[in-house]
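Please have the model open while you go through my comments.

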Amino acid sequence: MNYLSTEGRSPAAGFREAVLAGLAPDGGLYVPESLPLLPQAFLEDLSEQNLQSIGFEAASTFIDDIPPKDLAGLMVQAWTFPIPLVHLRANTYLLELFHGPTLAFKDIGVRFLARVLSYYLAASRREIT
């Protein structure tokens, strides 16, 4: 999958390139060029899945350059804390995103991003700050 700059003045980038760059050369944020659909069977079976398997299925529609086994492992490493879905009332649920190490919603994305960065950097034997 390709990622495009929100500013529209940079060439498309692959996931690895977009993650390692952070921002597009034109200063924009990278976004997927399309939003793939998850299979209906997967959506119907969500209640039977754990957090890491749901994350893997969703992420694998956007990430095509990390082997599935490695991507699944990154999910397990990143999300070592619960992210409970709390039933409030009929047809109303709340996803509690504050159970990570810093008690903030950002733990979900940042911990996964850190694992992805480490994965790419280890493969290329380079460091970034």
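Below are a few numbered points on the model.

This is a predicted model, in which local features need pLDDT of at least 70 and side-chain atom pairs count only at pLDDT 80 or more, while totals for chains, interfaces and linings use all residues. Residues are numbered from 1 along each chain as its sequence is written, and side-chain values use heavy atoms, with hydrogens and water left out.

1. Let's begin with charge pairing. A search of the whole structure turns up 1 salt bridge (a side-chain nitrogen of Lys or Arg within 4 Å of a carboxyl oxygen of Asp or Glu). Arg-9 and Glu-7 form a salt bridge through their side chains, at 3.5 Å from N to O. Arg-9 is exposed at 59% relative accessible area, whereas Glu-7 is partly exposed at 41% (buried means under 20%, exposed over 50%, partly exposed in between, with a 1.4 Å probe and protein chains only).

2. Next, the helices. H4 (residues 68-78) packs with H5 at about 135°, and their axes are 9 Å apart. H4 is therefore oblique to H5 (angles under 35 degrees count as roughly parallel, over 145 as roughly antiparallel, 65 to 115 as roughly perpendicular and the rest as oblique).

3. Do look at Ser-118, which sits in helix H5 (residues 106-124) (helices, H or I, have at least four residues and strands, E, at least two, as DSSP runs numbered from the N terminus). Ser-118 is partly exposed, with 46% relative accessible area. From Ser-118 to Ile-128 there are 10 residues in sequence and 9.7 Å in space, C-alpha to C-alpha.

4. Finally, Leu-95 belongs to strand E4 (residues 92-95). Leu-95 counts as partly exposed because its relative accessibility is 46%.

How values were computed:
Axes fitted to C-alpha atoms, helices over the stretch in contact; angles between N-to-C directions.
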